[in-house]
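Here are some notes to read alongside the model. Take the points one at a time, and keep the 3D view open as you go.

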Amino acid sequence: MSTPEATGAPIHVEDAEQFDELVADHDVVMVDYHAEWCGPCKMLEPTVKELASETDAAVLKVDIDELQELAKNAGVRSVPTLEFYKNGSKQDSVIGVQDKDDLLAVIEELSA
């Protein structure tokens with residue numbers, strides 16, 4: 001699998017088809033399930049943007065209010081929820097605000 005150029009910014013997912021394509025097209029993907037009304041999501045936002053610009057991982061943003069079915073199918077029960085994929089396969093997930101270094105460690109481990 002080839003890795004398309006990292007965008008340097010989080011990618012706002014518009015629909016389930018785009019989500020599937022992005023997960024399939026990138027070697028390492030971090031998905032941020034969030035909501036506009038979620039305080040902890042807003043606290044995590046700068047970290048998510050930094051990871052998008054500082055790593056080769058594709059960083060996807062999924063608004064759970066816009067894409068309720070996608071979030072439900074992913075088993076997201078609270079936000080923020082972060083999922084990590086490698087070569088199209090889910091590897092890990094964490095719930096709540098996370099330290100940037102911890103998230104970076106997961107991305108680096110999956111990128112190795």
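This is a predicted model: local features need pLDDT of at least 70, side-chain atom pairs count only at pLDDT 80 or more; totals for chains, interfaces and linings use all residues.

**Notes on the model**

1. How far can you trust it? The average pLDDT of the chain is 93, and 94% of the residues score at least 70. Residues 1-6 are a stretch to treat with care, with pLDDT below 50. Beyond near neighbours in sequence, that stretch has twelve contacts in the model.

2. Now look at α1 itself, which spans residues 16-25. Phe 19, Leu 22 and Val 23 are buried there. Because these residues cover an arc of only 100 degrees around the axis, they sit on the same side of α1.

3. Is His 26 buried or exposed? Its relative accessible area is 6%, so His 26 is buried. Its side chain reaches back to the backbone oxygen of Leu 22 at 3.0 Å. His 26 and Tyr 85 are 59 residues apart along the chain, yet their C-alpha atoms are separated by 8.9 Å.

4. Nonpolar side chains tend to be buried together in soluble globular proteins. Here the largest nonpolar core has 21 residues, and Val 13, Phe 19, Val 31, Tyr 33, Leu 60 and Val 62 have the most contacts inside it. Two or more residues of this core come from each of α1, β2, β3 and α3. Apart from it lies another core, of 15 residues, which includes Met 30, Leu 44, Leu 51 and Ala 52.

5. Setting aside neighbours within four places in sequence, Val 31 is in contact with Phe 19, Leu 60, Val 62, Thr 81, Leu 82, Glu 83 and Tyr 85.

6. One of those partners, Thr 81, belongs to strand β4 (residues 81-86). With 6% relative accessibility, Thr 81 counts as buried. A polar atom of its side chain lies 2.5 Å from the backbone oxygen of Ser 78. Again leaving out neighbours within four places, the contacts of Thr 81 are Val 31, Asp 32, Tyr 33, Val 76, Val 94 and Ile 95.

7. Follow β4 onward to its partner. β4 pairs with strand β5 (residues 89-95) in the antiparallel sense, over six bridges. Leu 82 stands opposite Val 94 in β5. The hairpin has two residues between the strands, and Asn 87 takes a positive phi near 50 degrees there.

8. Beyond neighbours within four places in sequence, the residues in contact with Lys 61 include Pro 10, Ile 11, His 12, Val 13, Asp 32 and His 34.

Note on methods. Residues are numbered from 1 along each chain as its sequence is written. Side-chain values use heavy atoms; hydrogens and water are left out. pLDDT is the predictor's confidence in each residue, from 0 to 100. Contact means heavy atoms within 4.5 Å. Helices (H or I, at least four residues) and strands (E, at least two) are DSSP runs, numbered from the N terminus. Buried means under 20% relative accessible area, exposed over 50%, partly exposed in between (1.4 Å probe, protein chains only). A polar contact is a pair of N or O atoms within 3.5 Å; within protein, one must be able to donate a hydrogen and the other to accept it, and residues adjacent in sequence count only if both atoms are side-chain atoms. The arc is that of the directions from the helix axis to the C-beta atoms. Two strands pair if DSSP finds at least two bridges between them. A nonpolar core is a set of buried Ala, Val, Leu, Ile, Met, Phe, Trp, Tyr and Cys residues joined through side-chain atoms within 4.5 Å.
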